[in-house]
Amino acid sequence: MNKVSVIIPAYNAEKYLEECLESVCGQTYQKLEIIVVDDGSKDATASIIKKYVEQDKRIVPCYNENHGVSYSRNFALDR
């Protein structure tokens with residue numbers, strides 16, 4: 001089985017992030033890496049990410065200053 005990486009860029013995504021993470025974390029494929037990039041959010045995005053990291057060890061949190069979605073995807077690819 002190959003590892004599959006899912007990159008989720010998030011900026012002020014508190015309204016949708018939990019639903020997104022529930023969906024991705026609900027996958028049964030165990031060789032899944034879920035990279036969530038908080039792109040300098042000013043809402044509860046970071047605390048939601050931290051909550052899910054405690055629940056699912058497949059989640060890799062990344063934090064950076066706001067640079068936009070393309071930068072966030074590339075930031076995650078570099079990890």
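Tutor: We begin with a term: buried means under 20% relative accessible area, exposed over 50%, and partly exposed in between (1.4 Å probe, protein chains only). The model is predicted, so local features need pLDDT of at least 70 and side-chain atom pairs pLDDT 80 or more, while totals for chains, interfaces and linings use all residues. Residues are numbered from 1 along each chain as its sequence is written, and side-chain values use heavy atoms, without hydrogens and water.

Student: Why is Asp 56 called buried?

Tutor: The relative accessible area of Asp 56 is 12%, and buried means under 20%, so Asp 56 is buried. Asp 56 lies in the loop between H2 and S3.

Student: What makes the pair of Asp 56 and Arg 58 a polar contact?

Tutor: A polar contact is a pair of N or O atoms within 3.5 Å; within protein, one must be able to donate a hydrogen and the other to accept it, and residues adjacent in sequence count only if both atoms are side-chain atoms. The side chains of Asp 56 and Arg 58 make such a contact at 2.9 Å.

Student: How do you know that S1 and S2 pair?

Tutor: Two strands pair if DSSP finds at least two bridges between them; S1 and S2 (residues 32–39) have 7, in the parallel sense.

Student: Which residues of H1 are buried, and why are they said to line one face?

Tutor: They are Leu 17, Leu 21, Val 24 and Cys 25. Seen down the axis of H1, the buried residues fall within an arc of 90°, so they line one face of the helix; the arc is that of the directions from the helix axis to the C-beta atoms.

Conventions
Helices (H or I, at least four residues) and strands (E, at least two) are DSSP runs, numbered from the N terminus.
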